[in-house]
Amino acid sequence: MANAVTDIPAAPSESAIAHFEAEFAFETDCWDTHAALAQDEPGFVLLDVRSPDSFASGHVPGAVNLPHGKIIASRLAQWPADTLFVTYCAGPHCNGAARGALRIARLGRPVKIMAGGVTGWLDEGFALTPAQSSEEM
């Protein structure tokens with residue numbers, strides 16, 4: 001029986017492998033981010049690219065607030081050129097993480113998106129923390 005799922009055949013395994021392996025170069029998930037942040041040195045800077053008000057209402061612990069529209073070279077200059085940035089926004093319904101990641105990539109910096117954003121973080125059962133002045137840029 002034909003339907004929207006089966007009308008177009010699945011990609012060959014080789015293509016599927018290349019596609020799904022490439023996804024990991026562009027994004028991480030909330031669980032892996034949480035586990036990395038529990039280490040002394042997670043190996044990345046987590047950027048909350050939402051507005052300062054959204055950040056203040058609750059954000060991922062350890063995140064730095066840098067709204068995606070304010071990502072410029074001088075704001076990233078405090079970190080070494082090879083610093084990995086991980087961006088997140090409100091959730092899968094928001095494209096702010098992608099906007100921030102694009103700006104960072106255009107500056108020649110390594111970047112990934114934390115898939116799920118705040119919504120995914122909360123869905124995993126992780127808590128948010130209120131803003132502290134030392135976490136804001």
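Me: What does the side chain of Asn 65 do with the backbone oxygen of Arg 50?
Reply: A polar atom of the Asn 65 side chain sits 3.0 Å from that oxygen of Arg 50. A polar contact here is a pair of N or O atoms within 3.5 Å; within protein, one must be able to donate a hydrogen and the other to accept it, and residues adjacent in sequence count only if both atoms are side-chain atoms. The Asn 65 side chain also has a polar atom 3.1 Å from the backbone oxygen of Asp 48.

Me: Where do these numbers come from?
Reply: From a predicted model, where local features need pLDDT of at least 70 and side-chain atom pairs count only at pLDDT 80 or more, while totals for chains, interfaces and linings use all residues. Residues are numbered from 1 along each chain as its sequence is written, and side-chain values use heavy atoms, with hydrogens and water left out.

Me: Is Asn 65 buried or exposed?
Reply: Asn 65 counts as buried because its relative accessibility is 3%. Buried means under 20% relative accessible area, exposed over 50%, and partly exposed in between (1.4 Å probe, protein chains only).

Me: And which strand is Asn 65 in?
Reply: Strand β3, residues 64–65. Strands (E, at least two residues) and helices (H or I, at least four) are DSSP runs, numbered from the N terminus.

Me: Which strands does β5 pair with?
Reply: β5 (residues 111–115) runs parallel to β1 (residues 27–29), joined by 3 bridges. β5 also pairs with β4 (residues 85–88) in the parallel sense, again over 3 bridges. Two strands pair if DSSP finds at least two bridges between them.

Me: Which residues face each other there?
Reply: Thr 28 has Met 114 in β5 as its bridge partner, and Phe 85 stands opposite Val 111 in β5.

Me: OK, new topic: which residues have the most contacts inside the largest nonpolar core?
Reply: They are Val 45, Leu 47, Ile 71, Leu 76, Phe 85 and Ile 104, in a core of 14 residues. A nonpolar core is a set of buried Ala, Val, Leu, Ile, Met, Phe, Trp, Tyr and Cys residues joined through side-chain atoms within 4.5 Å. β2 (45–48) and α5 (96–106) each supply at least two residues of this core. The largest share, 3 residues, comes from α5.

Me: What does Leu 76 touch?
Reply: Not counting residues up to four places away in sequence, Leu 76 touches Leu 66, Ile 71, Phe 85, Ile 104, Leu 107 and Arg 109. Contact means heavy atoms within 4.5 Å.

Me: Last one: how many disulfides are there?
Reply: A search of the whole structure finds 0. Cys 30 is in none, and the nearest cysteine sulfur, that of Cys 89, is 11 Å away. To count as a disulfide, two cysteine sulfur atoms must be within 2.5 Å. Cys 30 is buried, with a relative accessible area of 3%, whereas Cys 94 is partly exposed, at 30%.
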